[in-house]
Amino acid sequence: MAQRPWNGGGDSAADKLARQLAAELNRGGRGAGFSRRGFLRATGVGALALSSTSLLAACGTEGTKQSASTCKSTDLSADQKELVFSNWPLYMDEDGKKYPTLEDFQKQSGIKVTYNTDVNGNNEFFAKVRNQLGACEPVGRDIFVLTDWMAARMVGLGWIQELDASKMPNVEANLVDNLRDPEWDKGRKYSVPWQSGLTGIAYNAKYTGEVSSFEELVTRADLKGKISLLSEMGDTMGFVLRLVGADPDDFSDDEWKSALDKMEEIVASGQVRQFTGNDYTRPLNNGDIFACEAWSGDVIAMQYDNPDIKFVAPTEGLSLWSDNMLVPNKADHKTNAEELMNWYYDPEVAARLAAWVNYICPVQGAQEAMAKVDKSLVDNPLIFPSATDLEGTWMFMNVDTKTRERYDKEFNQVIGA
């Protein structure tokens, strides 16, 4: 991949997206329907309960590799109309204690779904399943959802079953073009995106003025001790790589070392109050922190109740990531899982899900279908960004498992995790 040094100038695609985001996020609550952010307001769910990051098992051995030949799986879907689905909290449309789109799938397919919200962090979930998957043993799940880098790690270890595209015609027809061929899963043989999101900056306008760049976030004197950064290595170090003139998509080991040195400087300066998962939401809301590195969907949820919460596309660009559905080795119901994946790539179903979770929808046609669900979301660039919008985004470089473990270990040592 060609080097793309950031120069911070000009009216770039990121600048355009920043203006669109401001128009969408800073206009006040939309108040249409019962959404994820409405759920947060109504139930008072604590931010700590929603933490999406754990550094458990960030270090340790790589894990035992498997393959389709060494770890054979048997599909019992023909005789057993059931499956077990593990996902992140607040990542499925809800109505009381029900999941409407999931209930409709069960009625339509006759497949009973046991739905668990037990993915609270990529590393934490890896720790739950690594011993079984490394030993070619079942983990009691037919689908789980993990972020790109962890999905890549598991695919690289041979722990994930190859999918049958012929059983998922909706995915083949409707997966958005920019997600069809990631470096870590060429042709999407092993994964199907669930939702995507953006990492940028959030700030509380009650306590501070706009924070327009990551450099400002980590250097401005009035923010000292009043910011948080993410404990997800790829998100935070991607921005730090930008600060040292490197490309997060394609950097050298020397550039990585320079970025680590910069990260050490940032930590030593006392600028950062804490490193978090999405438990930054509560301190940002109440003013314990003034600004932070943040995920787009969380900010939408917060802004519904607090119009002082603003989202910024920093001048260094936005990080783009996806959470992906995967079928592990020894899963009993692979065909049933593929049927569920196909269901969620129906544009009308995808629109209903997107209206609730408020992250980037990976399904073509869902934007048009959204007109029947919630017209106020049809042109929201945080749910339906254009290809031009996404030109200003970057992803953290795909690396092999050992290198990723080294990066995680070095990052965690610097931030004191």
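## Close-up views of cysteines, rings and helices

C292 is buried, because its relative accessible area is 0%. The model shown here is predicted. C361 is buried too, with a relative accessible area of 5%.

**View 1. The overall fold carries 15 helices and ten strands.** The protein has 417 residues, and 57% of them count as buried. Consider contacts between residues at least 6 apart in sequence: 78% of these join residues at least 24 apart. The views below pick out individual sites.

**View 2. C71 and C136 form a disulfide.** A disulfide is a covalent bond between the sulfur atoms of two cysteines. The sulfur atoms of C71 and C136 are 2.1 Å apart. The torsion about their S-S bond is about 90 degrees, so the disulfide is right-handed. What does the bond tie together? C71 lies in the loop between helix 2 (36–43) and strand 1 (82–86), while C136 lies in the loop between helix 4 (122–134) and strand 3 (143–147). The pair therefore ties together parts that are 65 residues apart in sequence. Are the two cysteines buried or exposed? C71 is buried, with a relative accessible area of 2%. C136 also counts as buried, at 19% relative accessibility. The cut-off for buried is under 20%, so C136 falls within it at 19%.

**View 3. E137 sits in the loop between helix 4 and strand 3.** E137 is partly exposed, at a relative accessible area of 40%. Leaving aside residues up to four places away in sequence, E137 touches Q132, N329 and K330. K330 is 193 residues from E137 along the chain, yet their C-alpha atoms are separated by 6.3 Å.

**View 4. Y207 and F290 form a stacked aromatic pair.** A pair of aromatic rings is described by the distance of the centres and the angle of the planes. With ring centres within 6.5 Å as the cut-off, the count comes to 19 aromatic pairs. Y207 counts as partly exposed, at 33% relative accessibility. F290 counts as buried, at 15%.

**View 5. The rings of F214 and F239 are stacked.** Why does this pair count as stacked? The ring centres are 5.0 Å apart and the planes are at 10 degrees; planes under 30 degrees apart count as stacked. F214 belongs to helix 7 and F239 to helix 8 (residues 233–243). The two lie 25 residues apart, and the pair links distant parts of the chain. F214 is buried, with a relative accessible area of 0%. F239 is also buried, at 0%.

**View 6. Five aromatic residues form one cluster.** Its members are F85, Y99, Y115, W194 and Y344.

**View 7. R153 lies over the face of F126.** The distance from the ring centre is 4.0 Å.

**View 8. Helix 8 packs against helix 9 (residues 253–268).** The angle is about 100 degrees, and the axes are 9 Å apart. Helix 8 is therefore roughly perpendicular to helix 9. Helix 8 brings M233, T236, M237, V240, L241 and L243 to the contact. Helix 9 supplies E255, W256, A259, L260, K262, M263 and I266. An α-helix has 3.6 residues a turn, so residues three or four places apart point the same way.

**View 9. Helix 8 also packs against helix 15 (residues 401–415).** The axes are 11 Å apart, at an angle of about 75 degrees. The two helices are therefore roughly perpendicular to each other. M233, G234, T236 and M237 in helix 8 meet R404, Y407, D408 and F411 in helix 15.

**View 10. Helix 12 (residues 334–343) is largely enclosed by the rest of the structure.** Why does helix 12 count as largely enclosed? Eight of its ten residues are buried. The buried residues are K334, N336, A337, E338, L340, M341, N342 and W343.

How values were computed: Residues are numbered from 1 along each chain as its sequence is written. This is a predicted model: local features need pLDDT of at least 70, side-chain atom pairs count only at pLDDT 80 or more; totals for chains, interfaces and linings use all residues. Side-chain values use heavy atoms; hydrogens and water are left out. Rings of Phe, Tyr and Trp (its six-membered ring) pair if their centres lie within 6.5 Å; planes under 30 degrees apart count as stacked, over 60 as edge-to-face and the rest as tilted. Buried means under 20% relative accessible area, exposed over 50%, partly exposed in between (1.4 Å probe, protein chains only). Helices (H or I, at least four residues) and strands (E, at least two) are DSSP runs, numbered from the N terminus. A charge sits over a ring if NZ of Lys or CZ of Arg is within 6 Å of the ring centre and within 35 degrees of the ring normal. A disulfide is a pair of cysteine sulfur atoms within 2.5 Å. Axes are lines fitted to C-alpha atoms, for helices over the stretch in contact, and angles run from 0 to 180 degrees between N-to-C directions. Angles under 35 degrees count as roughly parallel, over 145 as roughly antiparallel, 65 to 115 as roughly perpendicular and the rest as oblique. Contact means heavy atoms within 4.5 Å.
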